[in-house]
Amino acid sequence: MIVVAGEALIDLVPQGTGALAALRPALGGGPYNTAVALGRLGSPAAFCSRVSYDAFGDALLDRLRGTGVDVSPVQRGAEPTTLAVATVGAEGSAAYSFYVEGTADRLFTVPSALPPGTRAVSFGTCSLVLEPGASAYEELLHETASRGVFTALDPNIRAGLIPDADAYRARFKSWLPSVSLLKLSAEDAEWLGGTPREWLAAGPAAVVITRGGEGLTAFTRDGGEYAVPGERVEVVDTIGAGDTVNAALLHGLAIRDALDENALAALGPDGWAGLLGFAARAAAVTCSRAGAEPPYAHELGL
């Protein structure tokens, strides 16, 4: 079981370029997309969050159930669902603004237990910024790591939601001793400052940097550096591509029985080439269609 902890929200996806393009509601949120992608790839997965009782909340849970994701850890509340408004540029990249005041996912509390058989827990995005839920997710991260469970972190920076950049950067560093696998985009890495080697020294067994169409690079504690190119595809938009990479990495590690730090360290060049190549192919499928629509297992030849 791979548990994904974090927000679920509604993306208002533009049907064209520019600020006044018509908007279509779509189910989203970085952790939510990761959970959906894991379900589509065939990994036993569960979602741990707080979701509204409104119609959007019901739709979010229905999609998870439809992909086989366990929603028993989800907390519910009467508060509204968070909205994220995307604007897509001419090259297909997305920027976001958020409507988050008083929404359900901000009021997440630490669960008493995770589902039986949990082998990994994935964290990231807005849920680690917006209080009071951010502190609860942070506590869950440290508690999970203290029990030896594999942890993954994708900070997935949304700078507009971070009131104090320096405080967030310091908080990010405080998470690293509890992180097994750190994945982040090149843009996020630049915003955070530091280098993969500095982050590895603080805790993670591996750091994976995504560079869009240029591919992915993994850095490991033993000095290893492994890179694969991106898959060529006609890009519709990049919404959910990084979340798909998260899921593909976790799924790939699970089927290699490598969801622990020792096994991660032992992957070697061939193992990393296969894992990163699989993640690149999965992300390319997501980029080839509108919104966060990660691939199903059969689309990747599984």
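**Exercise 1. Find which element gives the largest share of the lining of the largest pocket, then describe that pocket.**

Step 1. Start with the share: α9 supplies 5 residues, the largest share of the lining of the largest pocket. Helices here are DSSP runs of H or I with at least four residues, strands are runs of E with at least two, and both are numbered from the N terminus.

Before going on, note that this is a predicted model, where local features need pLDDT of at least 70, side-chain atom pairs count only at pLDDT 80 or more, and totals for chains, interfaces and linings use all residues. Residues are numbered from 1 along each chain as its sequence is written, and side-chain values use heavy atoms, with hydrogens and water left out.

Step 2. Get the volume: about 1200 Å³ for the largest pocket. On a 1 Å grid over the protein atoms alone, a pocket is an open set of points with protein on both sides within 12 Å along at least five of seven lines, while a cavity is a set where a 1.4 Å probe fits but cannot get out; lining residues have an atom within 4 Å of a point. Points are joined across faces, edges and corners, and a volume is the space filled by probe spheres set on them.

Step 3. Look at the lining: 48 residues, with Ser-185, Glu-187, Thr-238, Ala-241 and Gly-242 nearest the centre.

**Exercise 2. Work out how α7 sits in the structure, buried or exposed.**

Step 1. Check the length: α7 has 15 residues and reaches 21 Å from its first C-alpha to its last, close to the 21 Å expected at 1.5 Å a residue. That expected span is 1.5 Å times one less than the number of residues.

Step 2. Count the buried ones (under 20% relative accessible area, with exposed over 50% and partly exposed in between, using a 1.4 Å probe and protein chains only). Since 12 of the 15 residues of α7 are buried, the helix is largely enclosed by the rest of the structure. Among them are Ala-241, Thr-244 and His-251.

Step 3. Step past the end: Asp-257 follows α7 and has a positive phi, near 55°.
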